[in-house]
Amino acid sequence: MAEALSDVFSQLGDQVDVKRMDEQQRWQSSNKEDMLKQAHLSDRMGQVAQRLKGLTCEQKLQWGLERKAASNKLYSAGQWQQAADGYLEALMGLDMSGDATQQSQMNTEIKIPCLLNIAMCMLKQQQWSKAIDLCDKVLEVDGRSCKALLRRAQARMELDLLDEAQDDLRLVLENLNVSDASFSIYAAKLSELQKILRAKLKQEKQVYTKMFGSGRLYEDKQNHANSGVIGRIRSWIRTVTDRCCRRKKNKST
């Protein structure tokens, strides 16, 4: 389908006016790139469906895990878009028709990890809005996902959605558990995003100062932010640091 569509476009040239019908049966202007992407996606979905035809739910799960593992290698090699495409294929192969146990396994081993990984690929390619959309989908399944909240916060900061980013960091702070196996990773990322947020707030203050002189209007906003989420993050980091120091001291004695 994509190949045939590409041939048609090449024959018509660049001046063709492309239209498509939306869900309300209305004709809307479109562009060749979007239509080709949709055609490629449709082709890939058909190929995946053909490949998985006749497989059991367990076999489809195994295929998805293999695609995810292959995509992890592409990600490690810095091939962000190719990795994202592989994760997407793994998602296309999801079979949610099994029992509750199988559906839960599909979610925890393929759906959530692949959505998070595609979001990370979008962050690497500075596609902030797409990263936010993907994190939203993860949070629909797992509203306490620290990875999704941290990645969404990062994307929101890049779009200067600072209030929303602070909300995400607050939720991370509420959900983070010291006993979590990935605690140190989350804590480091939380601290990193805190520094970025402080820098952006400072930059925003400078803009307000230039616009309004003293910057008093912005000082109230910044003081409120510092006494809120950022202040809580600072306090939390100090608490965790003190706790770790006490543990080391106890072990040494």
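Leaving aside neighbours within four places in sequence, with which residues is isoleucine 118 in contact? In the predicted model, isoleucine 118 contacts Ala84, Tyr87, Leu88, Leu91 and Leu134 once those sequence neighbours are set aside. Ile118 also belongs to the largest nonpolar core, a set of 46 residues, where it is listed with Met122, Leu150, Leu169 and Leu190 as having the most contacts inside the core. At least two core residues come from each of α3 (57-76), α4 (80-92), α5 (100-124), α6 (128-141), α7 (146-158), α8 (162-175) and α9 (183-212). The greatest contribution is that of α5, which supplies twelve residues.

The secondary structure of the protein consists of eleven helices and two strands, arranged along the sequence in the pattern α-β-β-α-α-α-α-α-α-α-α-α-α. Of the 253 residues, 35% are buried. Among contacts between residues at least 6 apart in sequence, 57% join residues at least 24 apart. The accessible surface amounts to about 15,600 Å², and carbon and sulfur atoms account for 48% of this area.

The second largest pocket has a volume of about 180 Å³. Its lining is formed by Met120, Lys147, Leu150, Arg151, Gln154, Ser182, Ile185, Tyr186 and Lys189. Two or more of the lining residues are provided by each of α7 and α9, and α7 gives the most, with four. By class, the lining comprises four nonpolar, two polar and three charged residues.

Methods
Residues numbered from 1 in each chain as written. Predicted model: local features only at pLDDT ≥ 70, side-chain atom pairs only at ≥ 80, totals over all residues. Heavy atoms only, no water. Core = buried A, V, L, I, M, F, W, Y, C linked by side-chain atoms within 4.5 Å. Buried < 20%, exposed > 50% of the residue type's maximum accessible area, 1.4 Å probe, protein only. Contact = heavy atoms within 4.5 Å. Areas by Shrake-Rupley, 256 points an atom, 1.4 Å probe, with all protein chains shown as cover. 1 Å grid on protein atoms, 1.4 Å probe; cavity = no way out; pocket = protein on both sides within 12 Å on 5 of 7 lines; lining within 4 Å. Points joined across faces, edges and corners; volume = space filled by probe spheres on them. Nonpolar A, V, L, I, M, F, W, Y, C, P; charged D, E, K, R; others polar.
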